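Q: I would like to learn how to read the features of a protein model one at a time. Where should we begin?

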Amino acid sequence: MAAWFRRRDRSQDQPDPVTGPAPSAPPETFEQAKPLLRARAVGPVPLADRRRRGEVVGDPGAADAVSPTVADYHVGALLDLPDVDVPVSESTAAGWGVPIQEILSAAFAHISAEPGRLFEHDGAIVNDSRAGAAAILLGGPRNLPSTELPVMQRGRGLTPVIVIPDAANCLIGFAEDPASIVAIARVAEEVLSTTSRAVSITPLVADGDRWVPYTWPPEAAAQVWQLSRRWDLVRYEGSREVLKEWLEERDEDLVVAKLMVGAKPEDGRYRSMAPWADGMANLIPPVDEVVLVTTDGATTPVPFTTLVERGLLEPYEGVYPEYFLGARFPTELT
């Protein structure tokens, strides 16, 4: 069996204000908070997790106060406190009596002057800066570092394509240069292998002064396959415990299957798998193969699509990332 990925735990790099040590209290007023505000790119996984955690602890306002930008990208604000960066929550924004757009305007004013670090890595251009990623989302293509980018793109007039896999890295390629698109997919997978603050793998392309969703070209298919499996590993691994707590709070007796990703020894191509154990109702993430586990420990891998086509797995509504409910164990397939 191929070795399974184990992401490096970077939770100690910076305490998580949801599960880690209690940070300093946010300022009581917006005026006091203004000098501390910084903008950041936010993805759908931490947003869903924080909202679920708020429901578990009885604080629905614990969810991040964010503004959607394009596709599944959002921008939120952080308070740069002495001991930890604290996301501005909906309850904090409500306490200040200030809408999120005004909060983001103040945060953007601070990050717009912060320099990013632009460099090439494995064929992709990387803007390595939490401030830079948020500024590029908020300000559109005009906020790309234009004074340096033309030199690095080896020619003018190309159309930028970006991916922001985590809050500190904006990867830049060009629609007219397929090799650069392959590179940003490859480097995005590399970033996700070490980050604990994933944002998105949705590519965006410049359309005038705005970003719009972009379709990966055929040339990047192999790299996108690897990237999508890594993305699934990151988002399902990161949100599983919070989802289990949320289900317990709702008295839903469901087993949340663990998603695993392995590389095939013959070609290194990733595949995703999740177990389905007999005896209880299971929530199964969409994977390449579901491993049916009988009460005596015997295992049978079955394509996920086969189980869906036979009506054995149905979408479980109301959660992100997506899960499917397997209520009746398919003993006829074991």
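Q: How many residues lie between strand 7 and strand 8 in their hairpin?
A: This is a predicted model, and in it strand 7 and strand 8 form a hairpin with 2 residues between them. The two strands run antiparallel and are joined by 5 bridges. One place to look is I162, which stands opposite I172 in strand 8.

Q: Are the faces of strand 8 covered or open?
A: To read this, take the residues of each side in turn. On one side N169, L171 and G173 are buried, and on the other C170, I172 and F174 are buried, so both faces are covered by the cut-off of under 20% relative accessible area. The count for strand 8 is 6 buried residues of 6.

Q: What does I162 touch, once its neighbours in sequence are left aside?
A: Beyond four places in sequence, I162 is in contact with I136, L144, C170, L171, I172, T202, P203, L204 and W211. Of these, I136 is one of the buried residues of helix 5.

Q: How many residues are in the largest nonpolar core, and which have the most contacts inside it?
A: The largest nonpolar core has 68 residues. Those with the most contacts inside it are L37, W96, I103, I162 and W216. Helix 7 gives the largest share of this core, with 9 residues. Another core lies apart from it and has 30 residues, among them L243, A257, A274 and W276.

Q: Why does the length of helix 7 agree with its number of residues?
A: Compare the expected span with the distance between the end C-alpha atoms. Helix 7 has 15 residues, 178–192, and at 1.5 Å a residue should span 21 Å; its end C-alpha atoms are 22 Å apart, which agrees.

Q: Is helix 7 mostly covered or mostly open, and what do its buried residues pack against?
A: Helix 7 is mostly covered, with 11 of its 15 residues buried. The buried set is S180, I181, V182, A183, I184, A185, V187, A188, E189, V191 and L192. These buried residues pack against strand 5, strand 6, strand 7, strand 8, helix 8 and strand 13.

Q: Is V182 buried or exposed, and which residues is it in contact with?
A: V182 is found in helix 7. Its relative accessible area is 13%, so V182 counts as buried under the 20% cut-off. Leaving aside neighbours within four places in sequence, V182 is in contact with E219, A220 and Q223. A separate reading is the C-alpha distance: V182 and V224 are 8.1 Å apart in space and 42 residues apart in sequence.

Q: Which kind of pair do W276 and F329 form?
A: The pair of W276 and F329 is edge-to-face, with 5.8 Å centre to centre and 85 degrees between the planes. W276 lies in strand 13 and F329 in the segment after strand 18, so the pair ties together parts that are 53 residues apart in sequence. Both W276 and F329 are buried.

Q: What lies over the ring of W225?
A: For a charge over a ring, read the distance to the ring centre. R229 lies over the face of W225, 3.4 Å from the ring centre. The charged end of R269 also sits over the ring of W225, at 3.7 Å from its centre.

How values were computed:
Residues numbered from 1 in each chain as written. Predicted model: local features only at pLDDT ≥ 70, side-chain atom pairs only at ≥ 80, totals over all residues. Heavy atoms only, no water. Helix = DSSP H or I, 4+ residues; strand = E, 2+ residues; numbered from the N terminus. Expected span 1.5 Å × (residues − 1). Buried < 20%, exposed > 50% of the residue type's maximum accessible area, 1.4 Å probe, protein only. Contact = heavy atoms within 4.5 Å. Phe/Tyr/Trp six-rings, centres within 6.5 Å; stacked < 30°, edge-to-face > 60°. Lys NZ or Arg CZ within 6 Å of the ring centre and 35° of its normal. Core = buried A, V, L, I, M, F, W, Y, C linked by side-chain atoms within 4.5 Å. Pairing = 2+ DSSP bridges.
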